[in-house]
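Hi,

Here is the structure for you to look through. My notes on how the chains meet follow below it.

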There are 4 protein chains.
Amino acid sequence: MLVVMYKNATEEQIERVLEIVEELGYKPIPNPGASRMVINITGDVDLLDSSRIEGLGGVMKVIRVTKPYRLADIEVKPDPTVIEVGDVEIGGSRRVIIAGPCSVESLDQIVEAALAVKECGGDILRGGAFKPRTSPYSFQGLGGEGLKHLKEARRRSGLPIITEAVDIESFELVEATADIVQIGARNMQNYSLLKRAGRSPKPVMLKRGISATLNELLAAAEYIMSEGNQEVILCERGIRTQNNHVRFTLDLASIPVLRGLTHLPLIIDPSHAAGKRDIVIPLARAGLAVGADGLIIEVHPRPDEALVDGAQSLTIEMFRSFMDSINEDQLLTDARSK
Amino acid sequence: MLVVMYKNATEEQIERVLEIVEELGYKPIPNPGASRMVINITGDVDLLDSSRIEGLGGVMKVIRVTKPYRLADIEVKPDPTVIEVGDVEIGGSRRVIIAGPCSVESLDQIVEAALAVKECGGDILRGGAFKPRTSPYSFQGLGGEGLKHLKEARRRSGLPIITEAVDIESFELVEATADIVQIGARNMQNYSLLKRAGRSPKPVMLKRGISATLNELLAAAEYIMSEGNQEVILCERGIRTQNNHVRFTLDLASIPVLRGLTHLPLIIDPSHAAGKRDIVIPLARAGLAVGADGLIIEVHPRPDEALVDGAQSLTIEMFRSFMDSINEDQLLTDARSK
Amino acid sequence: MLVVMYKNATEEQIERVLEIVEELGYKPIPNPGASRMVINITGDVDLLDSSRIEGLGGVMKVIRVTKPYRLADIEVKPDPTVIEVGDVEIGGSRRVIIAGPCSVESLDQIVEAALAVKECGGDILRGGAFKPRTSPYSFQGLGGEGLKHLKEARRRSGLPIITEAVDIESFELVEATADIVQIGARNMQNYSLLKRAGRSPKPVMLKRGISATLNELLAAAEYIMSEGNQEVILCERGIRTQNNHVRFTLDLASIPVLRGLTHLPLIIDPSHAAGKRDIVIPLARAGLAVGADGLIIEVHPRPDEALVDGAQSLTIEMFRSFMDSINEDQLLTDARSK
Amino acid sequence: MLVVMYKNATEEQIERVLEIVEELGYKPIPNPGASRMVINITGDVDLLDSSRIEGLGGVMKVIRVTKPYRLADIEVKPDPTVIEVGDVEIGGSRRVIIAGPCSVESLDQIVEAALAVKECGGDILRGGAFKPRTSPYSFQGLGGEGLKHLKEARRRSGLPIITEAVDIESFELVEATADIVQIGARNMQNYSLLKRAGRSPKPVMLKRGISATLNELLAAAEYIMSEGNQEVILCERGIRTQNNHVRFTLDLASIPVLRGLTHLPLIIDPSHAAGKRDIVIPLARAGLAVGADGLIIEVHPRPDEALVDGAQSLTIEMFRSFMDSINEDQLLTDARSK
């Protein structure tokens with residue numbers, strides 16, 4: 001941790017910083033520069049709250065070099081984490097395609113979707129039983145009924161399933177059914193839920209909050225991992241910016257940057273960012289090109305009738321054509337961009 | 001709801017939109033313009049998912065005029081909501097000052113803070129017992145012990161208390177102790193927690209998420225209100241932007257804009273946005289000037305020793321001087337800027 | 001243009017809006033809804049300043065459907081614009097690679113870079129002679145001397161050149177030398193410069209401002225096109241967001257969205273967004289995958305010695321390996337993602 | 001400047017950084033920490049391009065402590081700059097109010113506005129003769145004719161005038177007429193224009209770009225100051241964020257932060273940020289409360305008929321009532337919030 005002093009900081013102010021750092025149990029190393037003093041704090045400063053120094057007289061700013069996470073850190077564990085779900089490996093040499101409708105609407109709908117996803121070459125079925133919705137008056141998902149439909153869809157298609165747990169109440173139900181439990185962007189900093197997920201035997205896919213830094217995303221993963229569960233998949237799904245031409249701005253650069261920070265598998269969700277199906281496929285291809293370990297895509301047998309997010313769901317024909325094209329281009333097995 | 005078609009939309013595409021709108025039970029009114037068709041959907045469209053129309057062929061965009069909230073809507077209830085907490089009125093003619101440390105650290109600390117806040121003229125005591133922290137390794141608050149200290153601080157100072165509930169588990173404990181339950185920015189879309197708060201007899205202060213729109217903030221309030229609890233206070237605490245000179249960008253314009261949208265009381269938190277105490281007081285004055293119903297400010301007897309956010313806590317001397325100045329300027333009773 | 005009234009707007013307020021719209025020479029069509037009035041303004045409203053209506057009593061908001069551009073509009077000219085520069089076609093069936101150093105530093109450096117770019121299969125040479133720099137004390141480019149070096153590099157390599165004009169003073173010099181004139185992100189709304197570019201016989205590459213909407217980008221292109229020059233290439237180079245892990249957030253979704261709005265060719269600049277060379281290649285591949293007509297990439301013979309932006313420049317070896325890989329994958333000729 | 005190495009950086013990589021820093025003429029001081037090496041670069045590093053170090057092997061990041069400006073730096077010149085314009089002092093103990101229409105539309109309009117501004121107690125008249133507009137088809141101002149009307153308005157009212165120069169061509173004309181030359185947000189990094197302003201005898205009001213950092217704003221001011229003109233006034237007018245409830249998010253915190261960075265006077269423009277007149281007055285009061293040296297506000301005799309930005313213009317009655325209220329509250333002379 002580095003403490004940068006104002007040019008006109010007094011001797012007393014500098015002394016006070018050195019004293020307090022020592023009182024806190026760390027070793028301060030003063031670096032007098034041409035124009036200002038910079039104090040380097042050494043020792044295990046991960047747990048030092050920089051705010052205690054920032055408020056001292058004469059301090060211009062405090063720069064934290066350390067990270068708010070450890071288990072997720074690639075400097076701690078350089079080998080990529082590979083997560084097995086049935087026959088599917090996430091984070092391995094082959095990319096995975098997760099697909100299905102935004103929400104489970106009926107047994108027929110989810111089974112039809114599952115069979116189509118399977119037939120087109122998808123690896124995992126998605127489908128929401130519990131839906132977090134902005135308005136309390138919107139459709140909130142079929143709940144436990146939806147989970148039963150998902151189970152049947154798995155039985156019929158053979159695909160593992162991923163579905164979202166929106167709170168601790170629903171976590172147990174979801175955990176009992178799903179092969180992967182999803183934690184949504186709105187809940188990225190719902191720490192009780194993260195800790196609960198950390199005590200689950202099931203892998204967890206954690207979506208990045210719409211305004212979260214990568215540090216915050218990795219610290220959220222750390223909440224899960226520090227409770228014991230090391231099987232965390234990170235998902236980039238777009239951030240909220242000044243852009244108004246898409247729902248969210250997909251931050252594709254986060255993938256190569258995260259590769260330098262963490263060993264966890266990385267998935268791209270192009271559907272929520274795009275908001276409109278014509279934009280989904282170009283973003284999906286870009287997600288593979290930028291080096292993600294896979295994609296999670298919304299596909300619906302009849303998007304016109306979808307209860308949630310129909311506009312961004314691919315039709316089955318569009319999904320089939322997309323799968324054919326990426327297989328032909330060997331994008332799922334191409335190691336070049338990973 | 002308005003459906004804007006592309007200039008080159010075909011007759012069939014327009015017909016398809018009209019049909020689907022009718023199938024959904026609404027009445028479409030076509031407005032042929034000089035260059036393109038605009039279709040107005042009338043009826044009670046609050047619950048219509050615009051996504052169902054957005055994905056149709058020939059549709060350029062769908063514009064929603066309706067709001068995802070009702071009980072919070074000033075068009076529904078034009079009279080300002082005034083919330084009584086002991087002798088204090090929030091949203092009434094006099095502004096309120098909520099002050100205290102970021103977190104309860106010990107009985108002595110919170111009692112000392114409470115007596116100082118009282119003596120300086122503060123109305124309500126703040127202090128966190130449960131602290132949501134980015135890293136799982138940071139200090140997470142004293143929990144139930146902290147609540148006991150808060151109770152004692154209330155007994156000694158006579159001030160009502162506000163403290164945060166971070167999850168459903170802690171809600172009951174917090175609710176039993178606090179006069180106002182705070183829901184933090186990270187939990188603004190934690191819908192289970194919001195619904196639980198909606199069944200509480202205690203007023204709730206809901207902080208705006210760091211990237212939430214005002215529509216989303218009001219829809220979050222609606223989650224609470226639709227469960228029965230109408231006593232919701234909204235709190236602007238800064239949004240995350242490209243700015244790097246403060247922790248968050250305090251969106252003071254949200255106050256007059258919200259006045260035009262809702263009848264709920266509005267509070268400004270200048271401390272978290274500023275991140276540094278020198279910036280807190282100018283923002284606090286601006287918060288009163290822009291018309292908020294009150295402020296929530298961090299004050300700590302010894303900020304250098306604070307376990308959390310010491311840099312942004314005012315000293316008691318600074319707080320006293322601030323209170324003296326705003327009283328002298330009659331800012332708490334000035335109706336002009338409300 | 002649509003005028004949405006407040007629910008409680010009075011008859012008089014509605015009448016006043018209708019009157020003013022008629023006075024302005026447009027035809028207002030009232031659409032009474034279940035809860036509020038929406039007024040559709042028809043006629044050629046492109047030039048109507050919506051602000052005149054927004055300020056009227058009872059008006060909740062004004063929604064503009066029309067666009068601030070015409071010549072750039074795909075609804076006006078559906079065929080893609082293809083720009084020929086020597087033997088190179090920009091916007092045609094084959095993608096183009098523009099590469100070279102951020103700034104021209106010496107004759108030797110730019111000739112060495114040009115020969116390497118040519119040999120690796122690049123199509124066009126980039127290199128800045130005039131550099132807009134944040135600080136007045138930073139290196140500002142070699143100016144006219146740099147242009148001479150670029151000319152010599154073109155003679156030796158056979159590659160067409162693109163270089164930036166930072167103001168009207170330098171425009172004539174740049175125009176006399178360059179095959180394509182670049183207008184940088186900082187100058188995207190420098191309207192005098194845009195108009196000057198509109199009177200040039202040379203194609204212009206216009207970079208999107210770091211916080212510009214697509215509407216603003218297209219309106220900036222319109223400033224050039226409305227002066228006569230129809231050869232405008234748009235370049236996405238990243239926007240400034242809350243992200244702090246890259247210099248700018250590359251908005252790759254802008255490419256498919258712009259395809260639906262304009263016929264102009266679209267180029268991606270992955271280098272300025274990444275800020276670090278390890279991130280450049282994944283973003284470059286993503287730029288092709290998302291459907292851009294080409295890339296502009298920084299390559300430097302000795303990045304460690306670069307005077308400007310060395311950290312984001314590829315070495316020649318990296319560039320060669322990138323070119324080999326995208327050729328092998330046929331990404332330059334793949335029509336699939338366009 | 002601080003160079004933070006990866007934990008696993010090799011001895012060779014560290015050596016290479018030390019060597020290059022020395023080659024560049026600076027002195028590197030290695031700070032071995034518990035987990036990683038941090039290298040402090042001392043000497044006059046203001047002109048060192050950090051990019052040269054960032055791209056080296058083993059470097060995690062480079063942290064720049066130095067500033068891209070000098071003359072604007074409060075650490076260099078601690079005394080506030082006070083600028084005299086006629087009898088008006090900007091940056092002195094009394095706040096100033098600049099008011100007038102967005103654009104000069106006719107002699108009658110600007111004279112009427114000037115007399116009203118004067119009579120209500122305004123200090124300086126604003127009015128645009130050259131208007132930068134997003135679309136080339138929008139009204140662009142009366143140009144030279146507008147300047148003549150402004151001159152006449154000054155003669156009749158006795159108020160000094162401020163008006164915008166949009167390019168070098170118009171600068172000479174504007175400079176000959178105006179008492180203060182405004183440089184707009186779109187031109188904040190139009191360096192040729194800034195340098196021209198730096199050679200002007202007239203004070204310059206520089207508006208912050210809609211996505212500019214404070215460092216960039218101060219570096220832009222430095223472009224003016226380094227050419228000789230020390231009379232620069234900075235203006236905060238709102239930044240573009242994810243917010244969609246106002247046109248721009250007024251960053252009021254920039255005022256106290258800038259006070260700690262620079263000695264230049266600071267003005268708030270609440271009109272462009274608000275976009276709607278009901279929001280202007282609360283933001284104007286907040287601008288004074290947060291400590292600005294003054295305000296620039298749009299006032300129009302008949303906003304309904306304004307050619308530009310009518311919705312955000314105050315009527316004369318609103319402006320009078322605002323001036324009366326701030327005078328009564330002594331906000332213009334109150335030293336407390338400065």
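**Where the chains meet**

In chain B, 44 residues are in contact with 44 residues of chain A (contact means that the C-beta atoms, placed from the backbone, lie within 7 Å). Four helices of chain B each supply at least two residues of this side: H2 (51–54), H5 (168–177), H6 (191–198) and H7 (214–225). H7(B) gives the most, with 4 residues. Helices (H or I, at least four residues) and strands (E, at least two) are DSSP runs, numbered from the N terminus. By class, the side of chain B that touches chain A has 19 nonpolar, 11 polar and 14 charged residues. Nonpolar covers Ala, Val, Leu, Ile, Met, Phe, Trp, Tyr, Cys and Pro; charged covers Asp, Glu, Lys and Arg; the others, Gly among them, are polar.

This is a predicted model: local features need pLDDT of at least 70, side-chain atom pairs count only at pLDDT 80 or more, and totals for chains, interfaces and linings use all residues. Residues are numbered from 1 along each chain as its sequence is written, while chains are lettered from A and ligands numbered from 1 in the order in which they are written.

Best wishes

Conventions. Contact = placed C-beta atoms within 7 Å.
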